[in-house]
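Visitor: Could you show me around this structure? I am new here and would like to take it in step by step.

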Amino acid sequence: MEVKKTPKLASQFWPDFIRRKVRLIVLTQIIIALLFGLVLIYTASITESLLWIWFISFLLLPLQLAVGILILFSVTKPTKDLLGVIIKVTGEQPTLPLPNPNTTKNEQTGFRDALQTIYELSASHDQDKPETDEKASIISDALDMTNCGFIAMDKNRRVIFANKTAPIHTDTNGEKAIDLIFNGSDTLNAWLDACAQESVHDEHVWTRIPDHLPNEEGRRFFDVIASYHKDSATETVLTLIDRTGSYVVDEENLDFISFAAHELRGPITVIKGYLDVLEDELANVLTDDQPELFHRLVVSSNRLSGYIDNILNTSRYDRRHLKMNLSEDTVAAIYDTISDDMKLRAGAQNRLLSVAFPNDLPTIAADRASIGEVLGNLIDNAIKYSNEGGIIKVIAKVDGDFVDISVEDNGIGMPESVVSQLFQKFYRSHRSRETVAGSGIGLYISRAIVESHGGKISVRSEDGHGSTFTVSLPIYATVADKLKAGDNSNEGLINEGNGWIKNHSMYRS
Amino acid sequence: MAIKTILCIEDDRFIGEMYVRSLKKAGYEVDWVVDGNDGLITARNKQYDVILLDVMLPERRGTEILDALRGGKEDLIPKTHVVVLTNFQQDDESRISMEKHADAYLIKAEITPKKLISVIEKLEDNSITP
């Protein structure tokens, strides 16, 4: 069993040392005397007439011990003096008398110089100290006056410095904790985990990071710049720029967007509802191209309704209100819920939709409506960015603990430079701005939804040759325990997985 | 128990008329009220097989109506199915509390009259209880 030792101080060294050495001298002297005595007895060198020698030897033993110890003290005197001075320099509580360098003996032996040097070094050390303290306090005061937050963390991710502006609270253990609610899997801890494994120096920037949940008082928004220097005393330094002023307006806009989107659902309900009813009732009345035109109405209203869902989910996600209810489901059953609509959309735009899922695919943990929305978005994109008559393939396969669902088109594809920005909000490639209508939130919210399942979304694309989007979702059996523990919400999954969205739980470093 | 009578509590005229039209065509007897107070009174005065309940209602919200009917010690409408229909997705708390007292919780924009009828038929199938 490993026993944790507390580090010893320099001032503790001397008493221990001298005790051990005295003990050593006494023991060795006694042992030598005893051995000598035994040899004499054994060889019968001592006769009764020589008993007086025995007595004298016995009486000499204490004298010998005393002399030995005196020699020890005298020999170790310079060491003791040096240690006394060094203890003073270290700033510990002095346990040894401070030696006087100016004794005649010290002057004669030249030891005075040695002691003098340490005293001088110590004096200059003492002079430096107040200056450093003063500098530190000036810097700390100055940092308190800025409206930027500064946080320094040690290698154990403990907060060792934070200025006034920094979003910090002290937890019940008296430890300082950072109040920042990161979005998605891109958290400070995730980044530090990655740094610890593969970086010596690194830097990372997050924008729009709030310190409190919506509706909490004094909510601030920061742009966070983190610098990492492996094994430095302040391994991680966070600079937080308070951008509440500009971001709060965005938040209010999000509330407005959410309200407006909900309002739009009223008319959409009526349009979709009557289209559905009239499709049957007018089946025998419509002629020529009218059924096709009717289809277009249905497709358009479904797409409109899909966009509204995207907008609502995006605003929920941005306000950290997006929540999934995951349950055991099959890819085929999820696809079934959007199948008719997708067929209609592909057909109306002259695309061939080929959907094939293997029968033995394991079940996945999914929020049916949300994954339906993701697949709808991907197929919608495939339709948009492919050519008339093109084939869109939807397939699924097992990959480790995940089921990969891929949507493949052989359309216009995209260059690599575009791929990295694809999942950003409102991102639209240069080309798509010119040729294809869209809002740029479909992929953003799709990634958010997939990651909140503990899954991944990725893309492979070749300019001019089409793209394949792949959604990887956890096989139900691999996460069933976590889900049951978390009452089927995504929280259990997420905390363990990518740390994506922790609804109503704060980031604590 | 075959479902025959339906109470629709819905303040949007177009949506209300749309549901009533389709449900009547499908052979159900439908009463329709537009505000929350009337909704609660009607639901207590007559026994319906199904209540279609909107949430954002004038006078009294759908959540309050459901709470008044089923939130107390005694279920005042033990033989009635309640289908909540809303376009405003609630925060989790009120959604869960509504789901607890309702047989279905649906987003109107995703439910066409045809789908609504199939949901009601499903309730009928499920209600063969001892």
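**A helix across a sheet**

Guide: Welcome! Start with helix 5 (residues 188-198) of chain A, which lies across strand 5, strand 6 (221-229) and strand 7 (236-242) of chain A. Its direction makes an angle of about 15 degrees with strand 6 of chain A. This is a predicted model, where local features need pLDDT of at least 70, side-chain atom pairs count only at pLDDT 80 or more, and totals for chains, interfaces and linings use all residues. Residues are numbered from 1 along each chain as its sequence is written, while chains are lettered from A and ligands numbered from 1 in the order in which they are written.

Visitor: Which strands stand at the edges of the sheet in chain A?

Guide: The open sheet has 5 strands in the order 2-1-7-6-5, with antiparallel pairing. An edge strand has a single partner strand, so one side is left without a neighbour in the sheet. In chain A, that describes strand 2 (159-162) and strand 5 (201-210).

Visitor: Which residue is the bridge partner of Met153(A)?

Guide: Strand 1 (residues 148-153) and strand 2 of chain A pair in the antiparallel sense over 3 bridges. Two strands pair if DSSP finds at least two bridges between them. In strand 2 of chain A, the partner of Met153(A) is Val159(A).

Visitor: How many residues of chain A that touch chain B come from helix 6 of chain A?

Guide: Contact here puts C-beta atoms, placed from the backbone, within 7 Å. By that rule, 13 residues of chain A are in contact with 13 residues of chain B. Helix 6 (residues 244-281) of chain A gives the largest share of chain A's side: 11 residues.

Technical notes:
Helix = DSSP H or I, 4+ residues; strand = E, 2+ residues; numbered from the N terminus. Contact = placed C-beta atoms within 7 Å. Axes fitted to C-alpha atoms, helices over the stretch in contact; angles between N-to-C directions.
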